[in-house]
Each structure stands twice: as structure tokens, then as C-alpha cells.
Amino acid sequence: MLTRRHIRVKVMQSIYAFNQSNNDSLQVEQRFLTKSMEEMYDLFLLQLSLLVEIKKKAEDFIEKSQNKYLATDEDKNPNLRFVNNAVLQKIEATEELNELLEDRKLNHWQQDDEYVEILWEDLKKSELYEDYLKTRTSDFKEDKDFVIDLFKEIVAPNDKLYDYLEDKKLTWLDDLPIVNTSILKLLKKVKENDESIKIPKLFKSMDDKEFAKDLFTKTALHQEKFEEDIEGKTPNWDKDRIAEIDAVLLKMAICEFLKFSSIPVKVTINEYLEIAKEYSTPKSSIFLNGILDKLSKEYKDAQKLNKIGRGLM
């Protein structure tokens with residue numbers, strides 16, 4: 001689920017927190033980094049399971065409507081298109097998801113059921129739902145498009161859900177855009193002949209897990225040396241004027257230049273420019289690009305770039 005860019009963002013946050021804290025224990029901050037990534041995965045599982053919980057609310061609503069003393073014809077013969085949605089049924093049938101929720105004790109929607117109710121009420125009143133129930137049958141594409149729109153229009157932008165997640169874990173607010181994008185990608189990949197959906201792992205490989213740990217540790221341990229390399233490359237900028245996030249990103253990029261032989265220089269520069277655009281000041285990417293370009297050329301001339309493979313310089 002986590003891409004290398006997501007991992008870099010998590011490391012950036014941890015390095016920044018480490019520098020801001022009075023704690024000088026790398027091991028403590030390493031554990032925080034690991035924990036924050038695991039909690040991001042928890043959020044992914046919770047957000048995905050919300051779709052099933054909304055479906056269950058709809059089933060409960062239909063059952064209660066049918067059992068009303070003065071049930072109408074519509075109550076007795078409800079439109080079951082939503083509760084029979086093929087994609088929602090596949091998610092609900094995914095044992096891996098259910099096992100992960102249980103193993104990780106993610107019972108939030110059972111304990112705080114009112115937030116599922118809020119989403120169900122919002123869905124019921126929406127044009128999206130009204131249009132979907134204009135017919136009683138649908139093909140798989142229609143079902144999939146509806147679930148994607150349900151997540152994009154009802155779940156993801158809900159302010160009360162946002163506030164709830166913020167109260168539960170403050171770090172989840174930074175994680176939410178990445179998590180929601182990952183869920184949409186997953187939904188778009190669901191195929192009609194799939195019996196269930198394939199839940200992605202937190203890390204695509206053990207290499208990515210090691211990359212997170214190594215990037216944090218090597219950057220943190222060599223910060224002073226990296227700062228020395230940066231000095232003199234910013235003639236119009238005093239050290240105190242460099243945005244703290246920019247300083248962290250520069251040191252991480254230098255660490256990749258010097259300590260990660262398999263990552264091409266261009267990939268490193270492009271990744272940190274994109275992160276700077278999202279997490280730092282409007283001019284940060286231009287600022288970082290100038291410094292990293294100078295440093296990479298100097299390291300190359302000094303034969304400090306020990307990159308492995310073709311085209312990695």
C-alpha cells in the first residue's frame with residue numbers, strides 16, 4: 001500500500017519530530033515511525049470497512065421498514081439494489097479484511113456506531129442514492145461506479161467523520177489523503193469475476209520496510225555532516241531562514257545520494273521536489289532543486305556517488 005514517496009513523507013515527519021523533541025533516543029523515534037505506519041494501515045482498513053458498515057445500516061433499515069405496523073407497499077417490497085451491490089458484497093466476503101480488523105482490534109464502528117448512521121443518513125438523502133435506486137437491477141460496472149462515487153462524495157469529505165478520526169489519532173489527518181487515494185485505487189481494480197477483494201499489504205516488499213528504517217536512521221545519524229555540505233550552497237539564505245521542513249528534506253535527499261546506491265539521483269531529486277510542493281512553502285521546490293542539483297554535481301565530481309546499475313547518475 002505504501003509507495004516509496006509515502007515512506008519518505010513518514011520519515012520526513014519522524015525526522016522533524018525527532019529534531020523538535022528533547023528526546024535524543026533514535027530507538028524511540030524509530031518505534032514511533034514504525035507505529036505511525038502501522039496506524040496508517042489501521043486507518044486504511046477502517047475506511048474500507050466503513051463501506052460494509054453502511055451496507056449493514058441499509059439492511060437494518062429495510063428490515064425495520066418491513067416490520068412496521070403500517071408498512072407501505074414500498075416498505076414491503078423495497079429496492080434491494082444497494083444492499084445487493086456486487087462490489088460491496090465482495091468487500092464483505094473478504095475474510096482477510098475481517099481477520100485483519102479482528103486481529104488489530106479495529107472495532108471502532110461497533111463502538112461508535114453513530115458515525116456509520118451519519119453516513120447512511122447522508123447517503124439516503126443524496127442524489128447519488130436517489131439516481132441509483134431509479135432501477136432495481138444493475139450491471140457490475142454500474143455497481144462499481146456507484147461504490148467509488150459513494151466513497152468520494154459521501155465518506156471521504158464528511159466533516160463529522162474527519163473530526164472523529166482527528167480525535168482518535170492526530171496523525172491520521174496527515175494520513176487520510178494517502179489512505180483515501182489507496183482505497184479508490186483498490187476499488188477501481190475490483191473485477192467482476194473476483195470472489196473477494198485482495199487487501200494490499202502495508203509494505204509492498206521487505207525492501208520497502210528496510211528502506212523506511214534505514215532512511216530515518218542514516219539521515220538522523222549524519223545530520224551534522226549533511227548540514228556542512230549544505231552550507232555555502234545557499235548564499236542568499238541564512239541557516240535560520242531555511243524552512244525546517246526544507247532542511248529535513250535536503251538532508252534526506254543527501255542521505256539518498258550518498259547512502260543508497262540503488263536509487264538514481266534524478267529519482268531522489270524528483271521525489272523530494274514533489275514532497276516539498278505538498279508539505280512546504282510555495283517556493284521550496286525551486287529552492288531545493290537548485291541546492292540538490294549543485295550537490296549532486298559536486299558529489300559526482302568528487303566520486304562520492306557510488307550508484308549501482310546503468311543510468312543511475
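I started with Lys56, which comes out as partly exposed at 37% relative accessibility. Keep in mind that I'm working from a predicted model.

Next I looked for the partner of Lys56, and it's Glu53: their closest N and O atoms sit 3.6 Å apart, in a salt bridge. Is Glu53 buried or exposed? Glu53 has a relative accessible area of 13%, so I wrote it down as buried, because the cut-off for buried is under 20%.

Then I moved to Lys64 and Asp60. Their side chains form a salt bridge too, with 3.2 Å from N to O. How far apart are they in helix 2? They are four residues apart, which means about one helical turn separates them. Lys64 is exposed, at 54% relative accessible area, while Asp60 is partly exposed at 31%.

Over to helix 7 (residues 114-124), where I checked Glu121 and Lys124; they're three residues apart, again about one turn of the helix. The salt bridge here has its closest N and O atoms 3.3 Å apart. Glu121 is partly exposed at 28%, and Lys124 is partly exposed as well, at 26%.

Last, I wanted the bigger picture. How many salt bridges does a search of the whole structure find? It finds 24. I also noted a network of salt bridges that links Arg5, Arg8, Glu256 and Glu271.

Terms used
Residues are numbered from 1 along each chain as its sequence is written. This is a predicted model: local features need pLDDT of at least 70, side-chain atom pairs count only at pLDDT 80 or more; totals for chains, interfaces and linings use all residues. Side-chain values use heavy atoms; hydrogens and water are left out. A salt bridge is a side-chain nitrogen of Lys or Arg within 4 Å of a carboxyl oxygen of Asp or Glu. Buried means under 20% relative accessible area, exposed over 50%, partly exposed in between (1.4 Å probe, protein chains only). Helices (H or I, at least four residues) and strands (E, at least two) are DSSP runs, numbered from the N terminus.
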